[in-house]
Amino acid sequence: WLIRCEQISKSFNITRGFFRKTLKIDALRNVSINIGFNEIVGLVGESGSGKSTLGKILLRLLEPDSGRLYFFEEDITHKRERELKNFRKSIQVIFQDPMASLNPRVRIIDAVEEPILLHERISKEIAFERAKEMLIRVGIDSKEFFKFPHELSGGQRQRVNIARALVTKPKFVVADEPVSSLDVSVQAEVINLFLNLQRELKFSMLFISHDLRVVRHISDRVYIIYRGEIVEEGAPLKIFSEPSHIYTKTLVEDLFEI
Ligand code: ADP
Ligand code: MG
């Protein structure tokens, strides 16, 4: 496996209400998942089921309360930041809201150049060429290169985020609901773009969605998460044709009702 976690648990304390009572929320309970080399793994669950928390733990943006995280079979659960340099270079993330992850005052060509200059010791000229190539590759026309994020459509902005994430050739990408904010027609285009880029550039990806339909086309394998626990795992076709957990059954039935 490229990356895997074992028996991860994570809870949050929140303070609520007039009496400032502290509540403990179990966001994840004993979650184990594996992601293979060049594999696209879907993670599906309703809002609040713990998907983003799991994504953040796999990226070491959050530390788990218990459990283990392995990258190339090396235990990185509690490694300090300066020991994680190699890991940080190998991972990227794409979030749902393409506007929030782009700096409104940075031109898109500079936004794509930025991660190259951060991770690699190369000249500004070469970084510029690489950024241009990548933007063309994700379907951004050269006349848009010097525009600001607000001058682009939502779909174009998400393409810029994809270019930004992939331009450093990461080994592992977490895409957290990357098409959920886009129109349905644009969703399909962006999903196909992900598929083609994955075949060309060869990386592993955790693709998070609350929508089983979105994940079906892109995933080699799917995990279903329900209230902080993995309840089912398998090939997308198997999950569709013979869901075993009661929650997955309702997910699949809901799809056929529409
Ligand atoms: P999802 O991405 O599936 O919608 P999340 O992982 O964001 O779910 O959240 C899982 C649960 O943990 C939710 O109940 C959420 O409110 C809670 N949670 C997530 N992050 C925090 C946080 N930083 N502080 C407190 N509670 C949190
Ligand atoms: Mg989320």
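Student: How many aromatic pairs does a search of the whole structure find?

Tutor: A pair is described by the distance of the ring centres and the angle of the planes. Rings of Phe, Tyr and Trp (its six-membered ring) pair if their centres lie within 6.5 Å, with planes under 30 degrees apart counted as stacked, over 60 as edge-to-face and the rest as tilted. Searching the whole structure turns up seven aromatic pairs. Keep in mind that this is a predicted model, where local features need pLDDT of at least 70, side-chain atom pairs count only at pLDDT 80 or more, and totals for chains, interfaces and linings use all residues. Residues are numbered from 1 along each chain as its sequence is written, chains are lettered from A and ligands numbered from 1 in the order in which they are written, and side-chain values use heavy atoms, with hydrogens and water left out.

Student: Why is the pair of Phe71 and Phe87 edge-to-face?

Tutor: Their ring centres are 5.0 Å apart and the planes sit at 80°, so the pair gets that label. It links distant parts of the chain, with Phe71 in strand E4 (residues 66–71) and Phe87 in helix H2, 16 residues apart. Helices (H or I, at least four residues) and strands (E, at least two) are DSSP runs, numbered from the N terminus.

Student: Is Phe71 buried or exposed? And which pair is stacked?

Tutor: Buried means under 20% relative accessible area, exposed over 50%, and partly exposed in between (1.4 Å probe, protein chains only). Phe71 has 8%, so it is buried, and Phe87, with 3%, is buried too. The stacked pair is Tyr226 with Tyr247, at 4.4 Å centre to centre and 25° between the planes. Tyr226 belongs to strand E9 (residues 221–226) and Tyr247 to helix H9 (residues 246–257), 21 residues apart. Tyr226 is partly exposed at 24%, while Tyr247 counts as buried at 9%.

Student: Which residues of the largest nonpolar core touch the most other members?

Tutor: In soluble globular proteins, nonpolar side chains tend to be buried together. A nonpolar core here is a set of buried Ala, Val, Leu, Ile, Met, Phe, Trp, Tyr and Cys residues joined through side-chain atoms within 4.5 Å. The largest has 48 residues, and Ile162, Phe194, Met205 and Phe207 touch the most other members. Helix H6 (residues 184–201) gives this core its largest share, six residues. Apart from that core lies another of 27 residues, including Ile33 and Tyr223.

Student: What volume does the largest pocket have?

Tutor: On a 1 Å grid over the protein atoms alone, a cavity is a set of points where a 1.4 Å probe fits but cannot get out, and a pocket is an open set with protein on both sides within 12 Å along at least five of seven lines; lining residues have an atom within 4 Å of a point. Grid points are joined across faces, edges and corners, and a volume is the space filled by probe spheres set on the points. The largest pocket comes to about 460 Å³. Of its 18 lining residues, Arg88, Ile91, Gln92, Leu118 and His119 are the closest to its centre.

Student: What about the largest cavity: how much space lies in it?

Tutor: About 40 Å³. Its lining includes Ser52, Lys56, Phe95 and Asp176, and helix H1 supplies the largest share, three residues.
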